[in-house]
Amino acid sequence: MSLLVVGLSHRSAPVSVLERASLSADAQVKLLQDTVAAEPAAEAAVLATCNRIELYADVDKFHAGVAELSTLLAQHSGVGLEELTPYLYVHYEDRAVHHLFSVACGLDSMVVGEGQILGQIKDALARAQDLHTAGRLLNDLFQQALRVGKRAHSETGIDRAGQSLVTFGLEQLAAGADVRRWARGKRALVIGAGSMSSLAAATLARAGIAEIVVANRTFDRAERLARILGAGDDPDVLARAVPMDAVPAELTRADVAVSCTGATGLVLTADAVVAAVEGRTGEPASVAATDDRRTTGEAAAPPASVGAEDGCPLDLSAVPSGFSVMGEAAVAGMDAATLEQHAAWAAGSTSAAGAVRTREAGRPGPTADAELITALAATAATAGRIPERRRPEAVAEVPRPEPVLFLLDLAMPRDIDAAAHRLGGVRLVDIESLADASADAPMAADVDLVRRIVADEVTAFGAAQRAAHITPTVVALRLMAADVVAGEIARLEGRLPGLDDKHRAEITQTVKRVVDKLLHAPTVRVKQLAAEPGGAGYADALRTLFDLDPETVASVSRAGNSTEKNRGPA
């Protein structure tokens, strides 16, 4: 097994990079085709979700495979390789298996334990099978990942550790309130009719929303989703479909809007959101002083330098405010020579104690100070003095008005303009804010049980793959033995032309039994040994000991792979 995965996710890259690197359905198809056409890769599958893009491949060379897969991801995502590389992660062989199994169980999701990823893995496998880019390895891997994910959800309480992204997003919109109580009586606009939008609509219906309006570029799909919602368990939920050009008017009526489309541009601009708020309130929408994703507070003080530490050539103990490289009162009027003297000392200050004190104080190190001081010295040389710079006054926080419009953006790239975060009367939750909120979410004890399941399944999968690796060699050995038996029977018939059919059949059966008994113990034992770590060499030993034709072994392997490519998802 030479399984390689190269990818990026919400754990390795900021949302802005994920957003730009997102792959359309057509781009995923082209990426798969180009990957299997590349020299190092024999099989390929793409797992692309709202918070991860991963390319799986069976490669014959590790380093060449990493380089090729990274380059292909960059080309098809439109993000330059140099910019993308710092955010990429690479897993190989057993580590790659462990990664996908963890993903399938929801351990690597933005919301731990969510089950939507299983459907996305199933879709990734189906796509690779349709394009004939999945062979034996990736078929086995992805189907086993689906089984492992289902096992984790059925045998543990991992579902209690987290919710679907939709549920988590609605909880963030409700800001700690009970979602059912918050949703009751509200009107919702759902933009998009794909799997995520359908899940959002169904979740809103269960939460007690009064009316759901579905908008989609393909009106038939919007109508179908509206009919499904209308035929649901709650007869009080009104559902109807509208074309996309009706979104601005419907947004004015809606209390909640959820958007998850495959659009490459914004579906709701900040101007559209402003117009909706003004249409609801009859007043101009205000711009909040701060982004509601962040907590305001007193502005940070400029960093203090190491100028007051032991060994400094300047006597600054008499300066009440301390020495500051940012040009406060302590350095006002200092000349270039004095500053350069301090810069030279700061650049040479390498004592462990000084470094520790600098870190503990949360200040820049001596190198940073030296650069800043040198820059100030240059200013002093031209301006004659360092102007005094006062610490900024704390800015009083302006309370935001209560939201009248709640927006949930589950798309990647984003559907709703991030500028809506700053609009008064609006609460926007998007992938970025969900990532921030989920970072500190508590994990249930069941997560440890799932991790053990993943570890056991990785071991079992590796053993099965190593055993399967030797199967073509064993089959080739038995084919060779059958040819030997057939040849010897033919030779016997030439020497004994009067042999009747009864005796010929008995002799043939006896020779076959002898050959089978001689081969049984070695072939069973070699499969057992090959399943153990480091057992890959037993296939080579069999080929060498019995002088097996490499092309026969390869043809058996190709036949097996051809069968695997036609298998459907589990």
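## Glu432 and a salt bridge to Arg414

Glu432 is partly exposed, with a relative accessible area of 25%. The model described here is a predicted one. In this model the side chain of Glu432 meets that of Arg414 in a salt bridge, with 4.0 Å from N to O. Glu432 belongs to helix α18 (residues 431-438), while Arg414 sits in the loop between β9 and β10, so the pair links distant parts of the chain, 18 residues apart. Elsewhere, salt bridges with shared partners join Arg11, Arg52, Glu54 and Asp108 into one network.

## The chain as a whole

The chain has 570 residues, and buried residues make up 45% of them. Its secondary structure comes to 22 helices and 10 strands. The accessible surface is about 27800 Å², and carbon and sulfur atoms account for 53% of that area.

How much of the contact count comes from residues 24 or more positions apart? Among the contacts with a separation of 6 or more, such residues account for 74%.

## Arg414 and Glu19

The number of salt bridges in the model is 21. One of them joins the side chains of Arg414 and Glu19, at 2.8 Å from N to O.

Are Arg414 and Glu19 buried or exposed? Arg414 has a relative accessible area of 16%, which is under the 20% limit, so Arg414 is buried. Glu19 counts as buried too, with 16% relative accessibility.

The loop between β9 and β10 also holds Pro413. The peptide bond that joins Met412 to Pro413 is cis, with omega at about 5 degrees.

## A link between two strands

Arg240 and Glu211 form another salt bridge, in which the closest N and O atoms are 3.0 Å apart. Arg240 is in strand β7 (residues 238-243) and Glu211 is in strand β6 (residues 211-216); the pair links distant parts of the chain, 29 residues apart.

Glu211 counts as buried, because its relative accessibility is 11%.

## Positive charge on the surface

Which residues gather in a patch of positive charge? The patch lies on the surface and is formed by Arg180, Arg181, Arg184 and Arg206. Arg181 is part of helix α10 (residues 179-183). With a relative accessible area of 60%, Arg181 is over the 50% limit and therefore counts as exposed.

## A mostly covered helix

Helix α9 (residues 165-174) is mostly covered, as seven of its 10 residues are buried. Those buried residues are Leu165, Val166, Phe168, Gly169, Leu170, Leu173 and Ala174. As a general point, an α-helix has 3.6 residues a turn, so residues three or four places apart point the same way.

## Loops with positive phi

Glu93 is not a glycine, yet its phi is positive, at about 50 degrees. Where is Glu93 found? Glu93 lies in the loop between β4 and α5 (94-104). Its relative accessibility of 29% falls between the limits of 20% and 50%, so Glu93 counts as partly exposed.

His132 is another residue that is not a glycine but has a positive phi, here about 60 degrees. His132 is found in the loop between α6 (116-130) and α7 (136-155).

## Pro86 and Leu8

Pro86 is in the loop between α4 (81-84) and β4 (89-92). With a relative accessible area of 60%, Pro86 is exposed. What distance separates the C-alpha atoms of Pro86 and Leu8? The distance is 9.6 Å, although the two residues are 78 residues apart along the chain.

Technical notes. Residues are numbered from 1 along each chain as its sequence is written. This is a predicted model: local features need pLDDT of at least 70, side-chain atom pairs count only at pLDDT 80 or more; totals for chains, interfaces and linings use all residues. Side-chain values use heavy atoms; hydrogens and water are left out. Patches are made of residues with over 30% relative accessible area and no salt bridge: like charges are joined within 9 Å, nonpolar side chains (Val, Leu, Ile, Met, Phe, Trp, Tyr) within 5 Å. Accessible areas come from the Shrake-Rupley method with a 1.4 Å probe; for residues, only the protein chains shown count as cover. Lys and Arg count as positive and Asp and Glu as negative; His and the chain ends are not counted. The place of a charge is taken as NZ of Lys, CZ of Arg, CG of Asp or CD of Glu. Helices (H or I, at least four residues) and strands (E, at least two) are DSSP runs, numbered from the N terminus. Buried means under 20% relative accessible area, exposed over 50%, partly exposed in between (1.4 Å probe, protein chains only). Contact means heavy atoms within 4.5 Å.
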